[in-house]
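The structure comes before the entries.

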Amino acid sequence: MAKEYIYKCVNCGSEYTNQEILYLCPLCAKENKEGQPLKGVLKVLYPYIEIKNRLEIQPDYLIKSDYIDLLPIHTVDSFPPLLVGKTPLYTYKQEGNIPFFLHLKVESSNPTFSFKDRASALVSAFAKEKGIQTIIAASTGNAGSSLAGICASQKQKAIILVPEKAPKAKLTQVLMYGAKLIPVKGNYDDAYDLSLKLTEQKGWYNRNTAFNPLTIEGKKTVAFELFEQMDVFPDKVFVPVGDGVILAGVYKGFEDLLELSLIDKIPQIIAVQAEGSSNLIDNLIGEEHHFNSASTLADSISVDIPRNFYMARDYINRFQGLGIKVSDAEIIDASQYLANQFGLFVEPAAAAAYAGLIKYQIEDQIVKDEQIVILLTGNGLKDIDSVFKSLDFPKPIDPNSFDLDMI
Ligand SMILES: *Cc1c(COP(=O)(O)O)cnc(C)c1O
Ligand SMILES: [Zn+2]
């Protein structure tokens with residue numbers, strides 16, 4: 001039985017019913033140039049009216065079926081055996097001047113310790129249903145380590161192209177999971193271009209972020225979980241942003257629920273970027289875009305060209321999202337605060353989202369008793385170097401002669 005869904009181009013609106021493998025809108029893809037955000041990123045749309053009718057008869061069927069009608073695969077059995085998503089959400093009542101409810105969504109609980117597993121799992125499931133054995137991706141770190149781990153669990157082969165200087169822990173993961181690691185001379189763009197060539201020549205399936213529309217569809221599942229896990233619907237969700245695929249995924253998940261009248265509004269999404277890598281929020285208005293080369297210690301959100309720029313920008317503007325920039329020093333502070341106040345050690349990109357909240361609080365933008373969600377997108381052990389420098393490492397003491405007052 002064919003599964004019903006269509007692809008719609010974010011730039012020109014063309015629709016494709018093609019059930020075969022489709023990446024970018026073929027019309028818009030022709031305009032793509034090196035060093036530019038992707039034109040022709042596709043959004044997957046479902047037969048919402050039919051699903052709505054079914055929900056009237058059986059209100060809990062979507063939840064019971066793990067939202068299969070809102071995914072471009074036939075069965076959830078195609079997903080990896082590892083538990084992807086269904087991550088914990090911890091709630092804290094924050095007192096203080098303006099009390100509010102803080103909800104921390106701990107995405108580092110995913111199998112390879114980052115949010116990227118949501119996208120990899122769907123891409124892997126889709127490949128499995130299409131009988132494709134090999135998946136390739138260009139990545140600066142987490143997307144690659146995620147695809148490698150997910151593929152290992154599915155007995156699929158992963159080929160990971162990385163720019164020369166990707167973080168060590170993430171590359172170690174790729175190799176441990178048994179994927180083929182190909183470091184490419186140059187930057188992410190060079191690795192990216194080569195991955196497209198290999199996709200074409202070898203017939204492998206490609207997981208590049210935004211290029212493959214299923215990366216957005218996979219990431220949207222976090223919105224479904226928030227919808228289920230929270231007694232009170234979130235007012236605001238803080239999302240760390242690099243290429244803008246997590247951001248678009250969060251929006252898309254809520255948009256699906258809105259289409260089905262399961263919710264009546266979309267939470268305000270706060271896009272948090274590093275001061276040294278703010279190409280999305282610096283270009284929210286106007287037709288002329290200027291992309292500056294990125295520099296931040298938060299490697300997962302260090303992005304020269306936000307690949308999913310057009311879709312992310314459209315969502316932010318349509319649903320009154322907001323952008324906040326945080327400095328590297330604020331990211332490190334937030335990282336230490338999360339670790340010592342909540343026992344949650346997350347990587348700098350994830351801490352950036354929390355740093356965004358601190359800034360927001362200082363600017364007095366919080367509304368009394370509102371429900372605020374922070375996506376903690378990756379684990380702190382993936383990048384210890386960036387926090388190590390800010391720690392005071394104690395000197396060893398002589399166990400036979402030391403001053404008791406020193407301890
Ligand atoms: C990839 C990533 C992000 C940013 O996601 P985009 O889709 O590139 O905006 C944030 N945090 C972590 C840990 C990531 O790996
Ligand atoms: Zn198009």
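Entry 1. I began with helix 5 and helix 6, which are roughly parallel to each other, a term for angles under 35 degrees, whereas those over 145 count as roughly antiparallel, 65 to 115 as roughly perpendicular and the rest as oblique. I noted that the model is predicted: local features need pLDDT of at least 70, side-chain atom pairs count only at pLDDT 80 or more, and totals for chains, interfaces and linings use all residues. Residues are numbered from 1 along each chain as its sequence is written, chains are lettered from A and ligands numbered from 1 in the order in which they are written, and side-chain values use heavy atoms, with hydrogens and water left out.

I looked up the geometry of this pair and found that the axes of helix 5 and helix 6 (residues 168-176) come within 8 Å and cross at roughly 20°. Axes are lines fitted to C-alpha atoms, for helices over the stretch in contact, and angles run from 0 to 180 degrees between N-to-C directions. Helices are DSSP runs (H or I, at least four residues), numbered from the N terminus. The crossing of helix 5 and helix 6 is left-handed, that is, the near helix is turned anticlockwise from the far one by less than a right angle; clockwise would be right-handed.

I then listed the contact: Asn-142, Gly-144, Ser-145 and Ala-148 of helix 5 meet Lys-170, Gln-173 and Val-174 of helix 6, where contact means heavy atoms within 4.5 Å. These residues divide into two nonpolar, four polar and one charged. Ala, Val, Leu, Ile, Met, Phe, Trp, Tyr, Cys and Pro count as nonpolar, Asp, Glu, Lys and Arg as charged, and the others, Gly among them, as polar.

Entry 2. I turned to helix 4 (residues 117-130), which packs with helix 5 at an angle of about 45°, the axes being 9 Å apart. That angle makes helix 4 oblique to helix 5. The crossing of helix 4 and helix 5 is right-handed.

Entry 3. I followed helix 5 (residues 142-154) to Ser-153, which lies in it. What does Ser-153 touch, not counting residues up to four places away in sequence? I found Pro-80, Pro-81 and Leu-82. The C-alpha atoms of Ser-153 and Leu-82 are separated by 7.0 Å, although the two residues are 71 residues apart along the chain. The side chain of Ser-153 also reaches the backbone oxygen of Ile-150 at 2.8 Å.

Entry 4. I looked up helix 9 (residues 221-229) and helix 10 (residues 245-259), whose axes come within 6 Å and cross at roughly 55°. Helix 9 and helix 10 are therefore oblique to each other. Their crossing is right-handed. The residues of this contact divide into eight nonpolar, one polar and one charged.

Entry 5. I finished with ligand 1, which 16 residues surround, each with a heavy atom within 4 Å of the ligand. The closest are Lys-116, Asn-142, Gly-242, Asp-243 and Thr-377. A side-chain N or O atom of Lys-116 is 2.8 Å from an oxygen atom of ligand 1. For Asp-243, a backbone N or O atom lies 2.8 Å from an oxygen atom of ligand 1. A polar side-chain atom of Thr-377 lies 2.7 Å from a nitrogen atom of ligand 1.

Terms used. Helices (H or I, at least four residues) and strands (E, at least two) are DSSP runs, numbered from the N terminus. A polar contact is a pair of N or O atoms within 3.5 Å; within protein, one must be able to donate a hydrogen and the other to accept it, and residues adjacent in sequence count only if both atoms are side-chain atoms.
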